[in-house]
Structure formats: structure tokens, C-alpha cells
Amino acid sequence: LTDAGKIFGGADAAVEIARRTWWTWQLFALAQFPGAMILARFIYRRIAANRHCLNGICRIQEKGKI
């Protein structure tokens with residue numbers, strides 16, 4: 001949520017935060033290339049959909065199902 005009331009989410013929020021933080025300007029700069037946000041949104045969705053599987057937790061659960 002910006003001062004102007006605009007709401008960002010997902011990869012768009014990450015890029016907006018990068019735009020406003022001096023040490024993450026590279027992410028903002030990369031996001032300006034054509035097609036970069038399409039790729040960023042895809043990657044963000046994949047990570048978000050599998051965030052519960054980080055650190056091998058899913059592998060442990062899968063072994064328990066066998």
C-alpha cells in the first residue's frame with residue numbers, strides 16, 4: 001500500500017519495494033526490461049504455490065505416504 005493508496009501484491013509488490021529501497025535498485029532496473037515482469041510474476045507464483053515445500057518438508061511428507 002503506497003502513500004497514494006495504490007495496492008501492490010506478489011512480484012509487483014517486490015518490484016515496488018525495490019524501487020523505493022536504494023540497495024535493491026537492481027531488481028527494479030531488471031523489471032523494466034520488456035517481458036521481465038511476466039517472468040517475475042511466473043516465478044513468484046511458482047515460489048508462492050510451493051512455499052510450504054521449502055527446506056525439504058514436502059520430501060519428508062512424500063516419504064511418509066509411501
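A: A residue is called buried when its relative accessible area is under 20%, exposed when it is over 50%, and partly exposed in between (1.4 Å probe, protein chains only). The model is a predicted one, in which local features need pLDDT of at least 70 and side-chain atom pairs count only at pLDDT 80 or more, whereas totals for chains, interfaces and linings use all residues. Residues are numbered from 1 along each chain as its sequence is written, and side-chain values use heavy atoms, with hydrogens and water left out.

The chain provides the setting. It holds 4 helices and 0 strands (DSSP runs numbered from the N terminus: H or I of at least four residues for helices, E of at least two for strands). Read from the N terminus, the order of elements is α-α-α-α. The chain has 66 residues, of which 17% count as buried.

The part to examine is helix H1. Its buried residues are Ala11, Ala13, Val15, Glu16 and Ala18. Those buried residues pack against two other helices, H2 and H3, where contact means heavy atoms within 4.5 Å.

The packing of H1 with H3 can be described in detail. The axes of these two helices come within 8 Å and cross at roughly 115° (axes are lines fitted to C-alpha atoms, for helices over the stretch in contact, with angles from 0 to 180 degrees between N-to-C directions). On the H1 side, the contact is made by Gly10, Ala11, Asp12 and Val15. On the H3 side, Met37, Ala40, Arg41 and Tyr44 take part.

Leaving aside neighbours within four places in sequence, Glu16 is in contact with Thr2 and Phe8.

Thr2 is found in the segment before H1. How far apart are glutamate 16 and threonine 2, in sequence and in space? They are separated by 14 residues in sequence and by 9.2 Å in space, taken from C-alpha to C-alpha. Threonine 2 is itself buried, because its relative accessible area is 14%. Residues up to four places away in sequence not being counted, Thr2 touches Phe8, Glu16 and Arg20.

Glu16, meanwhile, touches Thr2, a residue of the segment before H1. Phe8 is in contact with Glu16 and is also touched by Thr2.
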